[in-house]
Amino acid sequence: MRYVRPTVAAARTVLVATLLLWGAATTGAAEFPGEQAGPNLVPGGEFEGGALRKHWKWDGSGGGFKATKARGRGGGSAVALISTRTEGRGKFWGKRFRVPAGADVRVTLWAKAEGHVGGVWVNYEGQTGEGFAKFDLAGGTHDWLEYTHRATVPTNAEFGEGELVDLSLWFYVYGEGRLLLDDIECRVIEERPGGDGAGLDRTVRAAAVTTSGSDAWGVLATDGLRRVLRDRPFRGAFSERVEIDLARREFEGAQVLVFGYDELRDVTISVSDLAGPGVFSANNIQVLPVAYGDRSKAKPIPWYQGPSSPHWPDPLLPNRSFTVEAGTVQPVYLRVFCPAETDPGEYRGEVTIATSAGDAKLPLVVRVRDITLPVRLRLKTMLVGGRSDRPYLDLSLEQRMGLGNIANGMSWAKINFPEARGKLDFTAVEAKLQYAIDRGLSAFVMASAPKSGKWGFPKTYSSDWKTKMSRVLRDYGGWLKKKGWLDMAYFNNIDEPGRGRWPQCEELYRMAKKANRDVKVFQCVNEVGALDALKGLADTWDVYVQQADQQQAAARQRDGDEI
């Protein structure tokens, strides 16, 4: 799409501005048209003089974590967070400051890593939400990097829009090494005085009503990756037409935003056929209104990046009419698929928005590249867990995220195959696998180890269990090898094992390789030190890089393991 984008205060790439819109931490400060950043509110964020001890605290209980003064990026002072912890996390936080509830704030800081193995995240914590937003800092070894992150301070039953609330920034540190911080700032984003007098909300509204031709409602387009909060001012890039670029056999998305400045009833969205080198059928475009979950009664999770609104966009509904309440915005997702036989080139059509207050049209442009994606990509994907019956399988394969549990030979204490004349019968699983592989399945779990002592499973792996599992790995693995499918199959070892389970991971790895040396062992880890401690005891790693070892994950990859 050709979007209207925010201005960028520093000369950066367009990618930086785009990432900021999606809520990522980026380099370079940015505001939207008609906005400016207010004064810095973080006390002592430059760490000069006695600021570290006066304005900041840290929790080193249990040992292995401290904060100390260090040389800053411009020759002044910074803080060094030094961790030697292999378990748990260190905490570093600043004195609280006051911001208006409902306001947008922008946090900027500089960070430098010196051999930091693990992960760090920055949490926003205050009176209206503990952890309502967060962003990650890179580990490893690197020079000073600037981070910018924008978030909306939530309101609640006690504090309404504009009332001042306390806020502070917390840093949670996993792993070992040094991380230096300098020039930590938080500024409230304000409407720019003077000039044309147009703040962002008025900029969006002016464009939206121009497209609809009515002051009662408006319509715009935005990208398909943005979560649009229906009861918050829209913050994002927008366009007066929908533009999509894709290859053949690719899905791509965009969103149509319907703004209800007055209430709108009986709203419907329809798409025409598109004309170009041939006809791009409207049957290749799904119209999916975005639905919202109600989080108002959800139990808060302190470390979770919760949304600023209780209404959180998530489900996509079948196309049907809907109502847009006054003062809200309703996104509608367009999911476009390009068949393999489509001629490359540009196709043009229309999106029609019909409402109780009138109709409008958005131009729709689909550009088909002269590239055809294979049915099965080289990048392996696997979604473990959930249902595996046909509707879910078809949907996951369309998304190139095959269901990993569709052919699990043993997941608890029972072999999942029938037996005929003393041999395991793979007839049923052959049909299911063939169906999925023909449609792009690239990876699946052939067997998985339960976590001992959890959810009713015994505390130890009995000899009977090991005998059954070894049989599945040997016989099922041998059959998969003859079919040419073993390279897609994995034995899923203990999921997210704590330090006390690492010996069991080694035990089950050796059991699996003894039963069938060709079977690949899949190991998910989320603790610092696991990749080093279990080196040589997995073929493929599922790594939570902000809680495990970024450096060691790269080392395992260099060793030839899959990540």
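Which strands make up the open sheet with parallel pairing, and in what order? Four of them do, in the order 27-28-29-30. Two strands count as paired if DSSP finds at least two bridges between them.

**Before you start**

This is a predicted model: local features need pLDDT of at least 70, side-chain atom pairs count only at pLDDT 80 or more, and totals for chains, interfaces and linings use all residues. Residues are numbered from 1 along each chain as its sequence is written, and side-chain values use heavy atoms, with hydrogens and water left out.

Colour by pLDDT, the predictor's confidence in each residue, from 0 to 100. The protein averages 87, and 89% of the residues score at least 70. Select residues 1–29: pLDDT is below 50 there, and the stretch has 69 contacts in the model beyond near neighbours in sequence. A contact means heavy atoms within 4.5 Å. Next select residues 194–198, where pLDDT stays under 50 and the model has 5 contacts beyond four places in sequence.

**Stop 1: the hairpin of strands 5 and 6**

Select residues 65–71 (strand 5) and 77–84 (strand 6), which pair in the antiparallel sense over 7 bridges. Lys 66 has Ile 82 of strand 6 as its bridge partner. The two strands form a hairpin with 5 residues between them. In the turn, pick Gly 75, whose phi is positive, about 100°.

**Stop 2**

Move on to the open sheet of 5 strands in the order 13-15-22-19-20, with antiparallel pairing. Strand 13 (217–223) and strand 20 (311–316) are at the edges with a single partner strand each, so one side of each has no neighbour in the sheet. From one strand to the next the twist averages 30°. Angles run from 0 to 180 degrees between N-to-C directions, and axes are lines fitted to C-alpha atoms, for helices over the stretch in contact.

Inside this sheet, select strand 19 (residues 285–294) and strand 22 (residues 328–337), which run antiparallel and are joined by 5 bridges. Ile 285 stands opposite Val 336 in strand 22.

**Stop 2: helices 5 and 6**

Select residues 427–438 for helix 5 and residues 463–483 for helix 6. Their axes come within 13 Å and cross at roughly 45°. The two helices are therefore oblique to each other; angles under 35 degrees count as roughly parallel, over 145 as roughly antiparallel, 65 to 115 as roughly perpendicular and the rest as oblique. Show the side chains of Val 429, Glu 430 and Leu 433 in helix 5, and of Tyr 476, Trp 479, Leu 480 and Lys 483 in helix 6, which make the contact.

**Stop 3: helices 6 and 7**

From helix 6 the contact uses Trp 465, Lys 466, Met 469, Ser 470, Leu 473 and Arg 474; from helix 7 it uses Glu 507, Leu 508, Met 511, Ala 512 and Ala 515.

**Stop 5**

Strand 29 (residues 520–525) pairs with strand 30 in the parallel sense over 4 bridges. To finish, select Cys 524 and, opposite, Asp 542 in strand 30.
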